[in-house]
Amino acid sequence: MNVLLASTSTLFGGNYLEYLKPEISSLFAGISEIIFIPFARPGGISHEEYTAKAADFFKILNIEVKGLHEFDDQISALNNAKGFFTGGGNTFLLVKMLHEKGLMQVLKQNIESGKPYLGTSAGSNIAGLNMKTTNDMPIVYPPSFECMGLVNFNLNPHYLDPNPELKHNGETRETRIKEFLTQNDTKVVGLREGNWIRKIGEKTTVEGGEKTRIFEKGKEPYEIEPGTAL
């Protein structure tokens, strides 16, 4: 496989996908057109607006972007595509649409055949075993929480460390993941902003400028350095 799963599309103060440009260029080397999956609709943006945003970035790399929503036969569109990008937004909505359209397994099979895949935020969540460690509100009810399982763990994008200076009495991200582990025996990778997961063939590593926090059932959370294999 050839997969890049990023915590976020945009770093604070930066432009859309800017910090990932060298990685994305390498991921899609030799490819002139990709399919963009806009179903997560961040902030309620339309499929058309979201696709245009992605296309603006990929013009820099001389890669044409087609939105999956533009195709009448979306299964054939995936099967005929050279590569894929799924953007962030609401994971519940994204997973619902992929399952209801019969696309989740089709996308998985195409990526497992070697076609390059870029995911950011919600688009990274769906590469995990299931979507149960998303941060998103359940605005819709998917028929299943199961996802593609391109990696053998779950992700928690936008992972935030507890900040003792904030007067916030709600659950921390770590608290919520620990709750998940009382009911599930699935490793969770807490991806901080600016970090990503890279899978090439059978090797999966964490990359970026920050350490990555790992959660496993029956263990204390621990940190791993960039470049560490998962």
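Modeller: Serine 121 sits in the loop between strand 5 (117-120) and helix 6 (122-125). Helices (H or I, at least four residues) and strands (E, at least two) are DSSP runs, numbered from the N terminus. Residues are numbered from 1 along each chain as its sequence is written, and side-chain values use heavy atoms, with hydrogens and water left out. This is a predicted model: local features need pLDDT of at least 70, side-chain atom pairs count only at pLDDT 80 or more, and totals for chains, interfaces and linings use all residues.

Serine 121 is not a glycine, yet its phi is positive, near 55 degrees. Its relative accessible area is 14%, so serine 121 is buried. Buried means under 20% relative accessible area, exposed over 50%, and partly exposed in between (1.4 Å probe, protein chains only).

Leucine 17 is another non-glycine residue with a positive phi, about 65 degrees. Leucine 17 belongs to the loop between strand 1 and helix 1 (21-27). With a relative accessible area of 0%, leucine 17 is buried.

Glycine 201 also has a positive phi of about 65 degrees. Glycine 201 is in the turn of a hairpin formed by strand 8 and strand 9, with two residues between the strands. Strand 8 (residues 195-200) and strand 9 (residues 203-208) run antiparallel, joined by six bridges. Two strands pair if DSSP finds at least two bridges between them. Tryptophan 196 has glutamate 207 of strand 9 as its bridge partner. Strand 8 also pairs with strand 1 (residues 2-6), antiparallel, over five bridges. There, valine 3 is partnered by lysine 199 of strand 8. Five of the six residues of strand 8 are buried, so the strand is largely enclosed by the rest of the structure.

Now the helices. In helix 7 (residues 173-183), Arg173, Glu174, Ile177, Phe180 and Leu181 are buried. Seen down the helix axis, the buried residues of helix 7 fall within an arc of 115 degrees, so they line one face. The arc is that of the directions from the helix axis to the C-beta atoms. Thr182 and Gln183 are exposed on the other side of helix 7. The buried residues of helix 7 pack against strand 6 (154-156), strand 7 (188-190) and strand 10 (212-215).

Last, helix 5 (residues 104-112) holds asparagine 110. At 7% relative accessibility, asparagine 110 counts as buried. Leaving out residues up to four places away in sequence, asparagine 110 touches Leu78, Asn79, Phe84 and Lys115. Contact means heavy atoms within 4.5 Å.
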